[in-house]
Each structure stands twice: as C-alpha cells, then as structure tokens.
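Have the picture open while you read.

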Amino acid sequence: MARIPEIPDGALEERFVRSSGPGGQNVNKVETAVELRLDLNRLDLGEYMARRLMTLAGRRITQDGVLVIQAQRFRTQDRNRADARARLDELLAKAAEPPPPVRRATKPSYGSQLRRLEGKKLRSGVKKLRNTRPPAD
C-alpha cells in the first residue's frame, strides 16, 4: 500500500460556519459546521495519487487545487471537526490504494466451445419434444 503523505501545518485550514439542520434555537447562534480546506499544492503527492485524488474528490477540489470538505452532520463543533478529519483521512487513504490489476482478454478454449454447443443442442432437442403436432401423413 502506498504511503499517505504527512500534512504540513500551513496546508490545513479550518473554518467554522453556521450549520443547517438539527440544533433547535442554537442553530441560528452557534457556528458548529466545519469547512476543512487542504491545499493540495503543499502536499508531496505522487503523480498517480494526485490524479486519483482529483478523480475521487471531484467537485470538492477548487481550481486553485484546494480540497474543501464540509461537515455539519452533528450538533457540536468538536464532532463535526472529527468527522471532517476522518473523511479527509479516508479520502487520502483511498487515493493511496494501488490500482486494481488489469484484466487480460482471453479466448474460450476449444473444449469449452464444444461443451457450450453440445448444451445448446440438448436444449434444442428438449424444446423440439414439446411440439405436440401430430406427424403429417
């Protein structure tokens, strides 16, 4: 498994904003949602990992190369911060996975082709036996 790069101090920025969703009266007063911003230009990503991260993150990456993760699932700032960090770690781990092996195209063997055709003949014979028309005299 490829290594996950260490995040330098200046590359990660957290902003707290007002959250939508559950929270009662608090939702209009307290900034519990977390917006985590990671500057990918400051990370030492390999070429493959950078491309894969771009694909996985999709629209969450800005044109400037900043990954934005928003977390507002929970009612407290601490839990949303932990959720954002966990999602960032998960995304980086998934991007670091090696690519799956490429499938090689193969031809069916001669024996398997014969077995397939034999099965088709048997099936055809079964269906012909279902024909209930009397023989023509």
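What radius of gyration does the protein chain have, and what would a compact globule of 137 residues have?

1. The protein chain has 29 Å, while a compact globule of 137 residues would have a value near 14 Å. Here the radius is taken over C-alpha atoms, and the globule rule is 2.2 Å times the number of residues to the power 0.38. Along its principal axes, the C-alpha trace spans about 95 × 45 × 25 Å.

2. A word on where this comes from: the model is predicted, local features need pLDDT of at least 70, side-chain atom pairs count only at pLDDT 80 or more, and totals for chains, interfaces and linings use all residues. Residues are numbered from 1 along each chain as its sequence is written, and side-chain values use heavy atoms, with hydrogens and water left out.

3. The protein chain has three helices and three strands, in the order β-β-α-β-α-α along the sequence. Both kinds are DSSP runs numbered from the N terminus: helices are H or I with at least four residues, strands E with at least two.

4. Now look at S2 (residues 33-39). Strand S1 (residues 12-17) pairs with S2 in the antiparallel sense over six bridges, with Glu14 facing Leu36. Strand S3 (residues 66-71) also runs antiparallel to S2, joined by six bridges, and here Arg37 stands opposite Val68. Pairing takes at least two DSSP bridges between two strands.

5. Six of the seven residues of S2 are buried, so this strand is largely enclosed by the rest of the structure. Buried means under 20% relative accessible area (1.4 Å probe, protein chains only). Across the protein chain, 24% of the 137 residues count as buried.

How values were computed. Buried < 20%, exposed > 50% of the residue type's maximum accessible area, 1.4 Å probe, protein only.
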